[in-house]
Amino acid sequence: MSIKKYLTLTRAGIIEALQFRLSFLVMIIGNLLYLIVIYFLWKAIYASAGTDVVGGMTFSDTLIYLVLATALYNFMEMYTVWEIGRNIQSGKIVLDLLKPMEYRRYLFWSYSGSFVTQFFLTFLPTFIAVSILTHGAISFGVNLPLFVVSVIMAISINYSIDFIVGTICLYTESIWGINIMKQVIVLLLSGATIPIAFFPEPLKSAMFYLPFQSIYNAPLTVLLHGGSDIESALRLMGMQLVWVVIMNVISIVFWKASLRQITVNGG
Amino acid sequence: MKKKGIGFYLRIYGKILAQDLKSKMSYRADFIISTIGMIFTNISGFVSFWILFKNFSSINGWSYYEMLFLYGFSLVSITPVQCLFDNNWSLRIYVYSGDFIKYCFRPINLFFYFQSEVFDIKGLGQLAFGIGTIVYSWSRIGLAVTPLAIIKLVVFLITASLIMIALQNAAAATCFWIQNSFYVLDLAFKFKDYARYPITIFSPVFRFIFTFVIPIAFIAYYPSLVILRPDAVPILSWLSPVIGVMFFYISYKIWMYGAMKYSGTGS
């Protein structure tokens, strides 16, 4: 019955997330505005370029990529660093450490509820809207199951990176600075703000050896081109798998080694 | 009681500022890391900008250096909100916990006292970055450097900064009604990223919205036209100082209205 205790946390998370209906509304408005800005910006960019294909991507390719990257970002952003940092500062982390569940797992599963709500409330509607509006630019075939697996691996890598950065907070007790650095690096190097196809050459190849592109670029490439080019999709996913293992091992080992460091204010 | 003059407020501001800096300095590591984080943010913004222009030489008739000027202009004009009005982010916490009541009992302007309590030094790095960008693009475009142009630049930068301050004030003030204003603030904070593109890329409907409803076009686009296109300055550019002051005044009134309505938590 070990899975049951995790699912209880998921359920609690769903209920908690549904409490804040107003924040959902604000978030949806924010996303719409962002998408509007992106749409017009790239439209102007492609209109000025004079050619239809830049860096191997057409306007609709770029737009689908960026829209889904945003949807994926909303779905995967877990604010783990904030949570760990706040728990360290307030001392609440001591109570969490005493729970009969490993902290790393506890934190993940207490967030899993918002995965579920975000998936149904933001990712799925966006995905359906995009696939209807683009008249089948997204093919429905073997790429869909591959995409699901790829997203799960991306979540794992993203969470591990968050957890490693959160562990650094144990030493620095600085949250804002650490978190903003992580966010900036991940968003830029994962291809979430600008598709990796547009990066100039030495940078582009270098990025394929970093873990970040496995978070956004890999699942989106698998979704968009996985149907026609299974071989390179599988290669991307193999790369993801390697990073899942590496990042998980680092985050677990680093956390274990750092636990001895904790000095918490008595409370 | 006679009305207190601007000299009085400046003196008080200096005193409160000194206390705030002293308390910041006692968390030196956090300060250094946050500053590095801020530099990272600016560098990454610049890198995305540069990557875009590696692929596309101009956007909607705007050259690389003109866009760079716009970018630098927006960086400088959002510095005041970053440095001087950072306490807005904590407003919801004070209101929620009831600590806000302490501001209501001082014999000075409530809004002034609340905002003066925090000065965010991190913003100064951004200011330096922005000024550097403006100077560099200015010289590359080959615009004449005259005293009049510099006065114009300073005046329009200051009045442009009022727009972002107004948006943040109004967003923070929503917490007097809806308690958790974080999402609204976060949404308003993201507007600064949209301000760095020429408004002409949008369709007429959104041009109208971004000019009169959410006035982000006045953060950088309209005021910078005064410098960039001195031969054809639209009337809205000349009006932008007036609009800045007007929006600031409205947001101040909203903020104060909310604060006056505040009844404490009873503890």
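This is a predicted model: local features need pLDDT of at least 70, side-chain atom pairs count only at pLDDT 80 or more; totals for chains, interfaces and linings use all residues.
1. Overall form of chain B. The secondary structure of chain B amounts to 14 helices and two strands. Its radius of gyration is 20 Å, close to the 18 Å that the globule rule gives for 267 residues, so chain B is as compact as a globular protein of that length. Taken along the principal axes, the box filled by the C-alpha atoms of chain B is roughly 60 × 40 × 35 Å.

2. Packing within chain B. Of the 267 residues in chain B, 37% are buried.

3. The contact between the chains. On the side of chain B, 31 residues are in contact with 31 residues of chain A. The elements of chain B that give two or more residues to this side are α2 (28–55), β1 (58–59) and α11 (182–194), and α2(B) gives the most, with 15 residues. By residue class, the side of chain B that touches chain A divides into 18 nonpolar, ten polar and three charged residues.

4. The nonpolar cores. The largest nonpolar core has 66 residues, and those with the most contacts inside it are I163(B), L167(B) and I219(B). Helix α9 (residues 147–173) of chain B gives the most to this core, with 13 residues. Leaving aside residues up to four places away in sequence, L167(B) touches A188(B) and F191(B). Another core, of 58 residues, lies apart from the largest one and includes L68(A), A69(A), L72(A) and V165(A).

Notes
Residues are numbered from 1 along each chain as its sequence is written. Chains are lettered from A and ligands numbered from 1 in the order in which they are written. Two residues are in contact if their C-beta atoms, placed from the backbone, lie within 7 Å. Helices (H or I, at least four residues) and strands (E, at least two) are DSSP runs, numbered from the N terminus. Ala, Val, Leu, Ile, Met, Phe, Trp, Tyr, Cys and Pro count as nonpolar, Asp, Glu, Lys and Arg as charged, and the others, Gly among them, as polar. A nonpolar core is a set of buried Ala, Val, Leu, Ile, Met, Phe, Trp, Tyr and Cys residues joined through C-beta atoms within 7 Å. A residue is buried if 20 or more other C-beta atoms lie within 10 Å of its own, exposed if 12 or fewer, and partly exposed in between; C-beta atoms are placed from the backbone. The radius of gyration is taken over C-alpha atoms; the globule rule is 2.2 Å times the number of residues to the power 0.38.
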